[in-house]
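Could you walk me through this structure in my viewer, one selection after another? I would like to know what to pick next and what is there.

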Amino acid sequence: MNTPRYIAKKMGEEHRKGSKVVRTTSMIVTGSVALSISVIIIALSIVSGFRTEVRERAVGFSGQIVISRFGTDFLNDAYPLSLELSYLQQIYDCKNISHAQSVTFKHGVIKTREAVQGAVIKGVGKEFDRTFFSASISKGAFPQWNDTLPSREVLISKRMSDALHLEVSQAVDIYFVDSSSSRLRRYFISGIYDTALEGLDQSVIIGDIREVQRLNGWTPTQVGGVELLLHRPGQAERTAREIREIAARYGLEDDDPLSIKTVKEIFPHLFDWLTLIDMNLLIVMILMIAVAGVNMISGLLIMLFDKTSMIGLLKALGMKNGDIRIAFIYRMGGLIVRGMVIGNAIALLLCWIQKKYALITLDQANYAVSSVPININVWGMCLMNVVSFLLILALMLLASMTVTRITPERSLRIK
């Protein structure tokens with residue numbers, strides 16, 4: 001028979017019929033662990049939700065990787081990239097690349113009776129993945145383009161619509177100023193999107209790539225860049241290195257020099273903000289585990305003092321210190337598991353309520369989302385539970401050293 005486990009089981013029965021001190025201590029220990037675990041899981045789900053939302057919106061504007069002409073930025077409209085690169089198909093054949101789409105940009109100025117605002121037309125083609133923008137449309141629809149002539153239909157942002165008082169089906173005039181000329185083009189708004197990324201959606205307009213190529217004076221094989229979507233977004237840096245190796249190995253003298261950037265390099269401020277949130281999560285986890293650990297140590301010490309006579313008797317009967325410690329660790333381990341189960345249940349319930357009903361709202365201008373986002377990362381939650389259990393258990397092992405200081409001759413005098 002496993003004697004330490006049997007003793008722990010008997011001590012556990014006192015949770016229901018034992019002394020008030022033992023019952024109260026057990027409830028406090030269980031409650032502190034449940035509170036700490038639930039706070040950690042909720043914080044983990046919120047941080048994961050922010051990370052998912054911001055990453056998806058950034059990727060919606062640029063893809064996971066952007067290939068452009070060397071020395072240009074993301075919204076380049078000065079130097080075209082040729083689609084006749086000798087090794088372009090080899091890039092497309094990379095295993096992690098799921099989709100490639102050509103884009104072209106043109107900077108201009110929108111002028112209405114009420115205001116003037118700078119804008120960038122992002123020209124996209126039929127192969128463009130519309131999933132992100134279609135889901136972000138608040139009014140109207142995504143522009144529909146035919147196979148014959150360039151279209152003048154565009155998709156504008158809600159912020160631009162509010163600032164310039166523009167509506168769906170309304171015409172909008174855009175001026176394009178070059179070094180030698182100034183041109184005016186009239187476009188028609190087919191829809192309005194809202195992504196809440198202030199730095200981009202206040203100026204980016206979605207239009208027909210053929211129209212933008214014509215504005216830039218480029219041929220159909222010249223584009224501003226190629227956006228790449230990946231099967232495994234977490235391997236973006238690795239895929240970017242693979243593309244650079246292909247360019248270095250197979251590039252010819254006539255090929256355009258390439259600039260290969262990941263979404264983190266294109267929008268560093270967004271991912272720096274996410275890194276700051278991760279740091280806050282780490283602080284919350286440390287504090288909550290510390291709170292749970294301190295309460296567990298306090299509970300264990302109270303239980304040891306309450307069972308001093310029993311410990312002395314067990315030692316007098318020949319039981320080793322290690323076995324007595326294991327018995328108390330079994331008991332406290334049961335309380336930890338119970339508290340973790342309760343904490344997980346509470347956290348998952350609250351996360352489900354927030355995800356379904358969005359009860360807690362946020363200022364979209366500051367946080368890029370209208371409500372607290374929730375994304376339950378199952379593997380992350382399991383790992384957090386395991387790590388928390390092991391850390392708290394390690395603190396229990398240290399606190400249980402108190403058993404070695406209890407001697408039979410003194411403890412048996414206590415009644």
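Start by selecting K139 and E167, whose side chains meet in a salt bridge with 3.4 Å from N to O. A salt bridge here is a side-chain nitrogen of Lys or Arg within 4 Å of a carboxyl oxygen of Asp or Glu. K139 sits in strand 5 (residues 137-140) and E167 in the loop between helix 5 (158-164) and strand 7 (171-177), so the pair ties together parts that are 28 residues apart in sequence. Helices (H or I, at least four residues) and strands (E, at least two) are DSSP runs, numbered from the N terminus.

Before going on, note that this is a predicted model, in which local features need pLDDT of at least 70, side-chain atom pairs count only at pLDDT 80 or more, and totals for chains, interfaces and linings use all residues. Residues are numbered from 1 along each chain as its sequence is written, and side-chain values use heavy atoms, with hydrogens and water left out.

Now colour the pair by accessibility. K139 is partly exposed, with a relative accessible area of 42%, and E167 is partly exposed too, at 38%. The classes are: buried, under 20% relative accessible area; exposed, over 50%; partly exposed, in between (1.4 Å probe, protein chains only).

**Stay in the loop: S169**

Select S169, which is found in the loop between helix 5 and strand 7. Its phi is near 75°, a positive value in a residue other than glycine. At 61% relative accessibility, S169 counts as exposed.

**Further salt bridges**

The structure holds 14 salt bridges. Next, pick R183 and D178: their side chains meet in one, at 2.8 Å from N to O. D178 is partly exposed, with a relative accessible area of 29%.

Then move to K264 and E237, where the closest N and O atoms of the salt bridge are 3.9 Å apart. This pair links distant parts of the chain, with K264 in helix 9 (residues 263-266) and E237 in helix 8, 27 residues apart. K264 has a relative accessible area of 42% and is partly exposed; E237 is partly exposed as well, at 32%.

R238 is exposed, with a relative accessible area of 55%.

For a nonpolar patch on the surface, select L276, M279, L282, I283, I286 and L287, which have about 580 Å² of accessible area together. Accessible areas come from the Shrake-Rupley method with a 1.4 Å probe; for residues, only the protein chains shown count as cover. I283 lies in helix 10 (residues 268-306) and, at 43% relative accessibility, counts as partly exposed.

**Inside: helix 7**

Go to helix 7 (residues 209-216), which is mostly covered, with six of its eight residues buried. Select I209, E211, V212, Q213, L215 and N216 to show the buried ones. They pack against strand 3 (97-111), strand 4 (116-124), strand 7, strand 8 (182-193), strand 9 (204-208) and strand 10 (222-223). Contact means heavy atoms within 4.5 Å. Just after the helix, G217 takes a positive phi of about 75°.

**Last stops**

Select L229 in strand 11 (residues 225-230). L229 is buried, with a relative accessible area of 13%. Not counting residues up to four places away in sequence, its contacts include V59, G63, N96 and H99.

Finish at P257, in the loop between helix 8 and strand 12 (258-262). P257 and F70 are 187 residues apart in sequence and 5.3 Å apart in space, C-alpha to C-alpha.

Note on methods. Patches are made of residues with over 30% relative accessible area and no salt bridge: like charges are joined within 9 Å, nonpolar side chains (Val, Leu, Ile, Met, Phe, Trp, Tyr) within 5 Å.
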